Amino acid sequence: MKNGFKTAGVLAVGALLLGVSACSQGSTTKTPEAGGSSSGPANIKIAYQQWGPGTVMKNFLTGAKAEYEAANPGSKVEIVPIVASENDYYTKLQLMMRSANTAPDIVYEDTFLINSDITAGYLKPLDDYIKDWSDWGQFQDTAKGAAKGQDGKTYGVPDGTDTRALWYNKEIFAKAGLPADWQPKNWDEVLTAARAIKQKVPGVIPLNVYSGKPMGEASAMQGLEMLLYGTKDTLYNFDQQKWVVGSQGFKDSLNFVKTIFDEGIAPQPKQSLDPNWGNKVGSDLLPNGKLAIALDGSWLYNNWQKTGAKPWPQWSEVLGQTAMPTQDGGGKGKVSLSGGWTWAIPAKSKSPDAAWNFIKTLQTQKNATKYATDGAQIAVRKDVAADEGYKTSAKSTQFFTDLVAVTVYRPALPEYPKVSNEIITAMEAVMTKQSSPDEAAKNYDEAVESIVSKDKTTTQSQGQ
């Protein structure tokens with residue numbers, strides 16, 4: 001997982017997810033820690049993204065705040081929701097971390113940004129805290145790697161991971177004459193199903209693949225990268241430590257985007273360019289039967305739980321899940337990408353010791369299990385993964401957990417956020433017919449060479 005979550009070693013996650021391991025609940029009391037003063041109560045601020053009507057994170061943090069303040073008399077925790085779409089959240093968070101006057105004490109940090117934020121000097125290494133924290137041994141090695149910088153130090157505590165696949169509406173499939181147990185073997189079979197739905201079930205969006213700048217990283221990761229890693233090509237060659245340009249797989253992925261929008265089996269471009277589109281998919285389109293197939297994440301069902309944005313008890317009967325196939329059915333036959341988030345401490349936090357103690361409160365076994373269950377996360381702690389309540393929390397949990405065996409991770413290098421922006425620029429240009437796939441791919445290649453320098457690029461993809 002280190003330096004881009006290499007696919008090698010990822011298979012270990014699957015085994016770890018099945019492991020049973022005992023663990024103490026962890027302390028929530030304030031104890032002296034390395035790295036700063038811990039005399040007396042402290043006030044801390046914790047920043048996270050709030051976008052759309054969901055309240056899972058808000059409720060989780062509110063509960064942890066009450067627990068922490070009760071265990072630490074006189075201490076106060078201020079929960080700071082940053083109301084913003086994904087890309088705007090990253091920008092606002094980075095602006096806050098630049099100054100000691102505005103820096104929170106704890107931030108919710110996407111793993112793909114860790115190395116760029118480390119390079120910018122925004123994050124504090126946590127090694128002096130972690131070395132004395134017994135619960136750290138419960139975290140899977142791949143999850144630990146997600147929070148490591150290129151310097152080998154740890155900059156965050158992961159709270160879950162995820163996988164991606166195709167969600168589909170069985171009732172819509174029945175109307176279109178498609179099987180309830182749908183298992184497409186290649187891209188053509190996905191397109192064939194979407195075309196059948198367009199023809200036989202009018203008024204329904206056949207297929208959603210995120211595309212364009214407003215959806216940010218969802219477009220890059222759930223969209224193009226889920227396609228690209230189903231080809232023979234990759235974004236980055238770890239053996240050569242170079243970014244891949246000029247690949248046929250990148251062009252083929254853009255051609256898939258062109259096909260679904262040109263044929264009208266995707267949303268209208270103006271819909272896909274709505275910053276709220278991701279929320280609409282989970283809280284409106286899928287539960288209200290307006291979307292047949294969604295290329296999306298394992299967490300999607302948190303919208304439909306009792307605490308979600310759109311409670312929908314029937315979701316597990318109406319919706320099916322199936323793996324995204326590779327382009328021609330070759331390789332492993334299916335593809336998934338994984339990401340994850342961590343709790344990190346900004347370098348300019350005024351109360352890093354208190355912040356660390358609050359992170360430990362967030363990550364007791366009990367609290368970690370609650371968030372993994374309520375937040376529809378794939379567990380990164382071995383004791384949580386072994387918890388019967390977690391394992392049986394949703395019918396889709398085992399399906400998405402099994403995809404860890406084939407999953408791929410983004411190259412979480414300092415340059416990745418800029419490269420990702422060029423991916424979604426290329427997608428949007430194709431989706432809106434401003435560029436052909438070949439033109440958009442050429443512009444992408446030139447942009448990547450400009451970002452990383454030409455000598456850090458290669459035309460040879462790393463074998464998957």
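Tutor: A salt bridge is a side-chain nitrogen of Lys or Arg within 4 Å of a carboxyl oxygen of Asp or Glu. Keep that in mind. The model here is predicted.

Student: Which residues are linked in a network of salt bridges?

Tutor: Asp110, Glu217 and Arg410 are. The whole structure holds 16 salt bridges.

Student: How far apart are the closest N and O atoms of Asp284 and Lys290?

Tutor: They are 3.0 Å apart, and the two residues form a salt bridge. Asp284 is partly exposed, at 23% relative accessible area. Lys290 is partly exposed too, at 36%.

Student: What about Asp383 and Arg381, buried or exposed?

Tutor: Both are buried. Their salt bridge brings the closest N and O atoms to 2.8 Å.

Student: Why do residues three or four places apart in an α-helix point the same way?

Tutor: An α-helix has 3.6 residues a turn, so residues at that spacing point the same way. Now take helix H18, residues 388–391. Lys391 and Glu388 both lie in H18, three residues apart, about one turn of the helix. They form a salt bridge, with the closest N and O atoms 3.1 Å apart. Glu388 is exposed, with a relative accessible area of 51%. Lys391 counts as partly exposed, at 36%.

Student: Next, helix length. What span should the 16 residues of helix H20 have?

Tutor: At 1.5 Å a residue, H20 (residues 416–431) should span 22 Å. The C-alpha atoms at its ends are 22 Å apart, which agrees. After H20 comes Lys433, whose phi is positive, near 65°.

Student: Which residues of H20 are buried?

Tutor: Among them are Tyr416, Val419, Ile423, Ile424, Met427 and Met431. Ser420 and Glu428 are buried as well.

Student: What do the buried residues of H20 pack against?

Tutor: Their partners include helix H4 (86–97), helix H10 (217–228), strand E8 (242–244) and helix H11 (248–262). Helices H12 (269–272) and H21 (437–452) are also partners.

Student: Which residues does Ile197 touch?

Tutor: Leaving out residues up to four places away in sequence, its contacts include Ile172, Phe173, Leu178, Val204 and Ile293.

Student: Last, the rings. How many aromatic pairs does the structure hold?

Tutor: It holds 28. Take Tyr89 and Trp341: their pair is tilted, 6.1 Å centre to centre, with 45° between the planes. This pair links distant parts of the chain. Tyr89 is in helix H4, Trp341 is in strand E13 (residues 340–344), and they are 252 residues apart.

Student: Why does Trp341 count as buried?

Tutor: Buried means under 20% relative accessible area. Trp341 is at 15%, so it counts as buried. Tyr89 is at 0%, so Tyr89 is buried as well.

Note on methods
Residues are numbered from 1 along each chain as its sequence is written. This is a predicted model: local features need pLDDT of at least 70, side-chain atom pairs count only at pLDDT 80 or more; totals for chains, interfaces and linings use all residues. Side-chain values use heavy atoms; hydrogens and water are left out. Helices (H or I, at least four residues) and strands (E, at least two) are DSSP runs, numbered from the N terminus. The expected span of a helix is 1.5 Å times one less than its number of residues. Buried means under 20% relative accessible area, exposed over 50%, partly exposed in between (1.4 Å probe, protein chains only). Contact means heavy atoms within 4.5 Å. Rings of Phe, Tyr and Trp (its six-membered ring) pair if their centres lie within 6.5 Å; planes under 30 degrees apart count as stacked, over 60 as edge-to-face and the rest as tilted.
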